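Dear colleague,

Please find below the structure for your files. A short account of the findings comes after it.

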Amino acid sequence: MTDRERSTSALLLAEYAQIKDEQRARIGFRDNLLYLTLAAVTAVAAVAAQTDYPQLILALPVVCLVLGWTHLVNDEKISAIGRYVRTELASRLAEATNVEEPLFGWETYHRSDDRRISRKTTQTVVDLLAFLVTPFVALITFWCHSTDSALLVAVSIVEAAGLVVLGVLFLQYAER
């Protein structure tokens, strides 16, 4: 192996280490968003139920929209990092080192599990429950009990539209 090949390999391996660190950080952050959402839903629902301001329940869809969008974006970046490692980085390193066997085998191996589809489906259902069904229950509760303010009804309709868009994005992403 020439000095140039060694240098290129070292740079590519450093990139691999850096990008895997980013992926690990994003995974931790994404997974914690679900717990944060559950805590926020509980807090908003408790405050709305225990005060004279039941319209506070309209904060719940906003919280779920923001956290759901952040979850979705992080999940996409995690997958994008995996795709980049499997395709671009692996092939560049193989070329630089004249290695013909597949590199970064785990990146492909863990995706070939027979239960992967059922896990991905279950995760999508959990995401939809946390980030969409729960805030829609809050909206339905609001519409059934507090429709005396035209402004708040308009806000709730905008929130519902945002949730529909987020739901479509979750389903489109799940298809990949």
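This is a predicted model: local features need pLDDT of at least 70, side-chain atom pairs count only at pLDDT 80 or more; totals for chains, interfaces and linings use all residues.

Residues are numbered from 1 along each chain as its sequence is written, and side-chain values use heavy atoms, with hydrogens and water left out.

The protein chain contains five helices and zero strands (DSSP runs, H or I of at least four residues for helices and E of at least two for strands, numbered from the N terminus). Its radius of gyration, taken over C-alpha atoms, is 22 Å, well over the 16 Å that the globule rule gives for 176 residues, so the chain is more spread out than a compact globule. That rule is 2.2 Å times the number of residues to the power 0.38. The C-alpha trace spans about 75 × 30 × 25 Å along its principal axes.

The largest nonpolar core has 23 residues; such a core is a set of buried Ala, Val, Leu, Ile, Met, Phe, Trp, Tyr and Cys residues joined through side-chain atoms within 4.5 Å, where buried means under 20% relative accessible area (1.4 Å probe, protein chains only). Helices α1 (3–50), α2 (59–97), α4 (116–145) and α5 (150–175) each supply at least two of its residues, and the largest share, seven residues, comes from α4. I57, L60, F131, L166 and F170 have the most contacts inside this core (contact: heavy atoms within 4.5 Å). A second, separate core of nine residues includes L12, I19, I81 and L89.

Terms used. Buried means under 20% relative accessible area, exposed over 50%, partly exposed in between (1.4 Å probe, protein chains only).
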